[in-house]
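The coordinates come first, then the reading.

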Amino acid sequence: MAGFIDAFHTALSIIATLDPQLIEIVLLSLQVSLLAVVAASLIGFALGGALAVYRFPGRGMVTAVLSALMGLPPVVAGLMVYLLLSNAGPLGVLQLLYTPTAMSVAQVILVTPIIAALTRQACEDLLEEYDEQLRSLGASSSAIIGTLLWDGRYRLITAVLAGFGRAIAEVGAVMIVGGNIDHVTRTMTTAIALETSKGNIALALALGIVLLVIAFAVNAALMGVRRFAVRLAYA
């Protein structure tokens with residue numbers, strides 16, 4: 001027990017003194033995850049909006065696959081990206097394996113289905129309310145998608161925050177394609193796994209505390225956005 005208390009105190013000291021190693025790992029984690037979420041949002045908004053508005057053969061299957069991919073195992077996503085970016089893969093010439101870019105790509109694959117599925121649901125709900133009005137105005141399908149995305153922007157913020165929460169806490173995929181290389185591809189989750197195995201509990205705890213703070217901040221933001229959207233709906 002005493003050893004844990006000492007490690008906890010050391011972890012708090014590492015955070016309070018803004019230890020350079022801690023800051024480097026946290027900043028890289030945020031950089032990788034934010035880049036992935038931005039890319040996934042652009043893809044997810046377009047895909048989700050299109051699935052809500054357009055009607056085409058196989059739409060139901062695409063929607064079902066998208067929903068299933070929300071639970072895609074991270075290691076499977078990491079393996080897919082590894083096979084694509086390895087020297088023997090079709091994109092091996094880009095030499096992106098074991099780089100932050102490869103880690104972002106893996107996270108995009110994990111986050112895009114979440115944002116796209118939530119976007120589709122939000123747009124479909126709004127479409128039920130506005131469909132006749134928009135069609136009577138002669139709006140094109142692309143214009144309808146844009147209108148639905150704008151009107152549902154607060155719900156979409158929720159989708160983005162949910163995607164960020166998935167990305168920042170990911171370990172399996174980024175370990176496979178990033179390699180957990182010190183000063184290059186070491187993120188909070190992979191560093192926690194490594195430092196724990198090495199017995200460096202203080203640094204692992206410090207990173208865990210920061211990760212928990214980020215997770216709580218994301219959840220608080222989600223609740224705030226939902227409450228704000230509810231107030232607007234009843235205003």
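A crossing is right-handed if the near helix is turned clockwise from the far one by less than a right angle, and left-handed if anticlockwise. The model is predicted. In it, α2 passes α5 in a right-handed crossing. Helix α2 covers residues 20–53. The axes of α2 and α5 come within 4 Å. They cross at roughly 35 degrees. Sorted by class, the contact of α2 with α5 holds 21 nonpolar residues, ten polar and three charged.

**Helix α5**

Helix α5 spans residues 100–136. At Tyr130, α5 bends by about 65 degrees. Gly138 follows α5, and the phi of Gly138 is positive, near 75 degrees.

**Salt bridges**

The count comes to five salt bridges. The table gives three of them, including one made by Glu124 of α5.

| Salt bridge | N to O distance |
|---|---|
| Glu124 and Arg59 | 2.5 Å |
| Asp182 and Arg186 | 3.6 Å |
| Lys198 and Glu195 | 3.7 Å |

Take Glu124 and Arg59. Glu124 sits in α5, while Arg59 belongs to helix α3 (residues 59–69). The two residues are 65 apart, and the pair links distant parts of the chain. Is Arg59 buried or exposed? Arg59 counts as buried, because its relative accessibility is 16% and the cut-off for buried is under 20%.

Next, Asp182 and Arg186. Arg186 has a relative accessible area of 11%, so Arg186 is buried. Asp182 has a relative accessibility of 33% and therefore counts as partly exposed.

Last, Lys198 and Glu195. Both lie in helix α9 (residues 188–198). They are three residues apart, about one turn of the helix. For Glu195 the relative accessibility is 2%, so Glu195 counts as buried.

**In brief**

Helix α5 meets α2 in a right-handed crossing, bends at Tyr130 and carries Glu124, the partner of Arg59 in α3.

How values were computed: Residues numbered from 1 in each chain as written. Predicted model: local features only at pLDDT ≥ 70, side-chain atom pairs only at ≥ 80, totals over all residues. Heavy atoms only, no water. Salt bridge = Lys/Arg side-chain N within 4 Å of Asp/Glu carboxyl O. Buried < 20%, exposed > 50% of the residue type's maximum accessible area, 1.4 Å probe, protein only. Bend = angle between axes of the 7 residues up to and from the residue. Axes fitted to C-alpha atoms, helices over the stretch in contact; angles between N-to-C directions. Nonpolar A, V, L, I, M, F, W, Y, C, P; charged D, E, K, R; others polar.
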